[in-house]
Amino acid sequence: MAGQKMLKFTKVEREMPEKRPPNLRKEDFGEIYAEYARDKAAEQASRCSQCGVPYCQTHCPLHNNIPDWLRLTAEGRLEEAYEISQATNTFPEICGRICPQDRLCEGNCVIEQSGHGTVTIGSVEKYITDTAFEEGWVKPIRPHAERGESVGIIGAGPGGLAAADMLRRQGVQVTVYDRYDRGGGLLTYGIPGFKLEKDIVMQRMAQLEDGGVQFVLNCNVGEDLSFDAIRGKHDAVLIATGVYKTRDLPNASADGIVDAIDYLTASNRKSFGDDVPEFDSGELNAEGKRIVVIGGGDTAMDCVRTATRQGAESVKCLYRRDRANMPGSQREVQNAEEEGVEFVWLSAPDGFEGDPVTGVKVQKMRLGAPDATGRQAPEVIEGADYIEGADLVIKALGFEPEDLPKLWGVDGLEVTRWGTVRADFGTGATSLDGVFAAGDIVRGASLVVWAIRDGRDCATAILDYLGQAADVAAE
């Protein structure tokens with residue numbers, strides 16, 4: 001009987017939750033997708049083909065047990081579906097909203113490859129966890145027994161919070177240090193509300209605090225508190241700072257040329273009702289301006305869609321490759337185009353005019369032979385340069401790691417030739433005893449789902465380390 005509830009992909013078409021019209025969603029920073037109704041979530045989950053080898057699960061960095069919780073959703077067993085979902089993912093309600101499913105789980109769905117349209121995995125995941133919060137199925141963290149060991153975590157982003165959650169569930173005493181006045185990292189200040197409303201992040205922060213995780217905010221390590229002091233206070237330390245140093249362009253110092261992280265942080269602070277002088281002065285506000293965003297990743301998509309909501313006169317995105325080769329989510333590109341963003345493909349900046357900026361010097365490109373990564377390398381088309389008028393230029397070129405050993409005055413913390421912390425791939429163990437590193441600071445990646453995975457893996461390694469340390473002490 002249960003089997004009759006599945007394998008309906010030949011009869012039931014793929015259907016996303018209803019999306020608000022562009023003219024309405026541009027008026028605010030609310031999420032653009034509505035919530036599934038219970039019957040619709042079950043119907044869409046029933047399209048899963050229950051593969052013997054589930055490629056959706058294989059291509060999920062967290063290896064979430066997707067077929068099982070889709071089946072439970074189709075059968076109306078939502079609380080069990082939530083339990084399966086959260087067993088491998090600390091924040092399924094967040095991943096359901098912001099993971100690039102189109103190039104991970106959904107992009108590798110077998111029925112998608114067969115032409116029937118992928119299962120709407122992300123939307124069902126979001127529905128399951130939102131329902132779990134509403135119904136009170138998300139329980140406070142209450143360890144079976146408290147342990148005496150303590151762990152200090154530097155960074156309250158997704159990696160640090162995922163590790164904090166796992167460690168507290170095992171009774172470890174956890175303190176999280178962060179430079180900002182709110183936890184969440186990029187979830188709070190980097191990702192706009194139309195993709196992730198901030199009350200979603202804050203409810204998880206509240207759950208962690210209620211479960212005994214201590215937060216020390218407005219704490220800039222190396223200035224307000226030394227790394228050695230944190231290390232001396234705890235039995236183990238996890239570095240989960242992410243990467244916040246923006247990749248730069250030559251001769252990009254004119255007024256009106258800003259970093260994406262500064263621009264997005266200012267916008268998100270305004271959504272909290274904070275006083276943001278740089279926004280109020282117009283420095284980090286797109287209202288009435290010609291906006292040019294440089295870059296083709298998910299951060300660039302966040303910037304262009306934020307600018308439309310701030311009332312920009314025009315919004316253009318320059319990317320040096322074509323649409324098929326951009327790293328950002330194709331779903332996000334479609335949403336941006338619906339909201340009036342113009343994508344200028346095969347275009348790269350070659351300098352700027354004016355101070356304050358009045359334009360971007362643009363070089364037209366073509367795709368040549370593949371580079372070392374296998375992607376076609378962009379080549380300049382000589383004589384095809386032009387000036388793109390701009391009042392505000394936003395650099396969304398990706399991020400690089402900060403020089404933590406120098407910034408924190410730490411001796412012996414080894415880094416790679418790329419500047420990332422050198423750490424064991426499986427455990428996150430660094431060159432310093434009892435110090436681990438997770439997420440972007442190790443791999444230079446920016447996907448939230450990778451950060452969650454690395455945080456969870458490091459938590460497991462720290463628990464092993466604490467157990468070994470206890471064994472040595474007992475001897």
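1. Buried means under 20% relative accessible area, exposed means over 50%, and partly exposed is the range in between, with a 1.4 Å probe and protein chains only. By that scale R366 is partly exposed, at a relative accessible area of 43%. The areas come from the Shrake-Rupley method with a 1.4 Å probe, and for residues only the protein chains shown count as cover.

2. This is a predicted model, in which local features need pLDDT of at least 70, side-chain atom pairs count only at pLDDT 80 or more, and totals for chains, interfaces and linings use all residues. Residues are numbered from 1 along each chain as its sequence is written, and side-chain values use heavy atoms, with hydrogens and water left out.

3. Salt bridges. The structure holds 43 salt bridges, each being a side-chain nitrogen of Lys or Arg within 4 Å of a carboxyl oxygen of Asp or Glu. R366 and E379 meet through their side chains in one of these, at 3.6 Å from N to O. Because R366 lies in strand 11 (residues 359-370) and E379 in strand 12 (residues 376-380), the pair ties together parts that are 13 residues apart in sequence. E379 is partly exposed, at 35% relative accessibility. A network also exists: salt bridges that share partners join K19, R25, K195, D302, R305, R309, E332, E338 and E339. Helices (H or I, at least four residues) and strands (E, at least two) are DSSP runs, numbered from the N terminus.

4. R97 and D130 form a salt bridge whose closest N and O atoms are 2.8 Å apart. The two residues come from distant parts of the chain, R97 from helix 6 (residues 92-98) and D130 from helix 8 (residues 121-135), 33 residues apart. Both R97 and D130 are buried.

5. R77 makes a salt bridge with E75, and the closest N and O atoms are 2.7 Å apart. R77 counts as partly exposed, at 36% relative accessibility, whereas E75 counts as buried, at 17%.

6. Strand 14. In a regular strand the side chains alternate between the two faces of the sheet. Strand 14 (residues 392-395) is covered on both faces: L392 and I394 on one side, and V393 and K395 on the other, are all buried. Two strands pair if DSSP finds at least two bridges between them. Strand 6 (residues 257-259) runs parallel to strand 14 and is joined to it by three bridges, with I394 as the bridge partner of V258. Strand 7 (residues 290-294) pairs with strand 14 in the parallel sense over four bridges, and here I291 stands opposite L392.

7. Surface patches. Patches are made of residues with over 30% relative accessible area and no salt bridge; like charges are joined within 9 Å, and nonpolar side chains (Val, Leu, Ile, Met, Phe, Trp, Tyr) within 5 Å. D255, D262, E278, E283 and D355 gather in a patch of negative charge on the surface. For charge, Lys and Arg count as positive and Asp and Glu as negative, while His and the chain ends are not counted; the place of a charge is taken as NZ of Lys, CZ of Arg, CG of Asp or CD of Glu. E278 sits in helix 14 (residues 277-280) and is partly exposed, with a relative accessible area of 37%. V53, Y55 and V110 make a nonpolar surface patch of about 260 Å². V53 is placed in the loop between helix 2 (38-45) and helix 3 (55-58) and is exposed, at 52% relative accessible area.

8. Backbone points to check by eye. D355 and P356 are joined by a cis peptide bond with omega of about 10 degrees; P356 is in the loop between strand 10 (347-353) and strand 11. N218 is not a glycine but has a positive phi of about 55 degrees. N218 lies in the loop between strand 3 (214-216) and helix 12 (227-233) and is exposed, at 52%. N251, also a residue other than glycine, has a positive phi near 55 degrees. N251 is in the loop between strand 5 (245-246) and strand 6 and counts as exposed, at 71% relative accessibility.

9. A260. This residue is in helix 13 (residues 260-272) and is buried, at 1% relative accessibility. The C-alpha atoms of A260 and V176 are separated by 26 Å, the two residues being 84 apart along the chain.
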